[in-house]
Amino acid sequence: MLPRSIAAVNMLPQEAKAAIYSLFVPSILRDRFGIGRDLRDATGQPLLELRCAEGATDVVLALRRQVGDADPVLYSHLTDTITGQVHVLLYVVNDPDSPRFDVDRMPDGTPTEFGSFRRNLEAEQAAMNAGLAPGQVRRGLRILQQSIDAFEEFVCSLGQDKYFVEPLYYHNAVIFERYGFAYQKGRQLMADIHAAFARQGALTLRLDGST
């Protein structure tokens, strides 16, 4: 029987796991950086790192353009919901040729956990000045539609027709809305934030340059 969850995929041999998880690597990403379908470089070196231990209910995938790159071009963390459906905790596509801003770590190297535990405000300011959105360490590649298409192929391969995405920031939720996602929870919070940024809204009035 075909596996129907992350936990079930993780019970398979390593080669089978890699074949299934590679389904959500968009072909446009491989083509752009000359990465083979086997996700190896021209010398046969593996470019894909998978953390998907037998017995685990989650998987971390990191695909690099070339061996030794500091940041992957694709980083994803998926897990199962309590009912065995796919839940996307994180999905990041980076342009490895763009400048890097250390919003993900403090000057001493301590992770910021995407700003949820601590924040590198100087790096955030520099990233914002360069036109990046909150949470971005590098410019993206503008391939979200192709990424969603590839991811839905992966979800279908598990015999599923629904999956969940957890946006880390307000703008992520807005983007997902535009691609047809609906809210399981959080819609009222989004509406409240939207209203607060309207003319004379509570948050608009605080944009006075004092901080």
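A residue is called buried when its relative accessible area is under 20%, exposed when this value is over 50%, and partly exposed in between. The structure described here is a predicted model. By this convention Arg100, with a relative accessible area of 21%, is partly exposed.

Five strands make up an open sheet, in the order 1-2-3-4-5 and with mixed pairing. Its edges are formed by strand 1, residues 48-51, and strand 5, residues 163-165, each of which pairs on one side only. Neighbouring strands are turned against each other by 20° on average, when direction is ignored.

Strand 2 in turn pairs with strand 3, residues 74-80, in the antiparallel sense, over 6 bridges. Val59 has Leu78 in strand 3 as its bridge partner. How much of strand 2 is covered? Of its 6 residues, 5 are buried, and the strand is thus mostly covered. Helix 2, residues 14-21, lies across strand 1 and strand 2 (58-63), and its direction makes an angle of about 110° with strand 1.

The cysteines can be treated briefly. A search of the whole structure finds 0 disulfides.

Across the whole structure, a search finds 11 salt bridges. One of them joins Arg65 to Asp69, with the closest N and O atoms 3.3 Å apart. Asp69 counts as buried, because its relative accessibility is 13%. Another links Arg119 and Glu124, the closest N and O atoms being 2.7 Å apart; Glu124 has a relative accessible area of 24% and is therefore partly exposed.

Arg100 also takes part in such an interaction: its side chain meets that of Asp104 in a salt bridge of 2.8 Å, N to O. Asp104 is partly exposed, because its relative accessibility is 21%. Both residues belong to a network of salt bridges that links Asp71, Arg100, Asp102, Asp104, Arg105 and Arg138.

Arg30 presents another case. This residue lies in helix 3, which spans residues 27-33. Which side chain of opposite charge is nearest to Arg30, and how far away is it? The nearest is Asp31, at 5.3 Å. A salt bridge requires a side-chain nitrogen of Lys or Arg within 4 Å of a carboxyl oxygen of Asp or Glu, so Arg30, although buried, has no salt bridge. Beyond the residues up to four places away in sequence, Arg30 touches Val25, Ile35, Gly36, Arg37 and Leu39.

Glu113, a residue other than glycine, has a positive phi, near 55°. Its position is in the loop between strand 4 and helix 4, residues 121-129. With a relative accessibility of 40%, Glu113 counts as partly exposed. Gln200 is likewise a residue other than glycine with a positive phi, here near 65°. The loop that holds Gln200 runs between helix 7, residues 187-196, and helix 8, residues 202-205. Is Gln200 buried or exposed? Gln200 counts as exposed, because its relative accessibility is 58%.

Note on methods. Residues are numbered from 1 along each chain as its sequence is written. This is a predicted model: local features need pLDDT of at least 70, side-chain atom pairs count only at pLDDT 80 or more; totals for chains, interfaces and linings use all residues. Side-chain values use heavy atoms; hydrogens and water are left out. Helices (H or I, at least four residues) and strands (E, at least two) are DSSP runs, numbered from the N terminus. Buried means under 20% relative accessible area, exposed over 50%, partly exposed in between (1.4 Å probe, protein chains only). Lys and Arg count as positive and Asp and Glu as negative; His and the chain ends are not counted. Contact means heavy atoms within 4.5 Å. Two strands pair if DSSP finds at least two bridges between them. Axes are lines fitted to C-alpha atoms, for helices over the stretch in contact, and angles run from 0 to 180 degrees between N-to-C directions. A disulfide is a pair of cysteine sulfur atoms within 2.5 Å.
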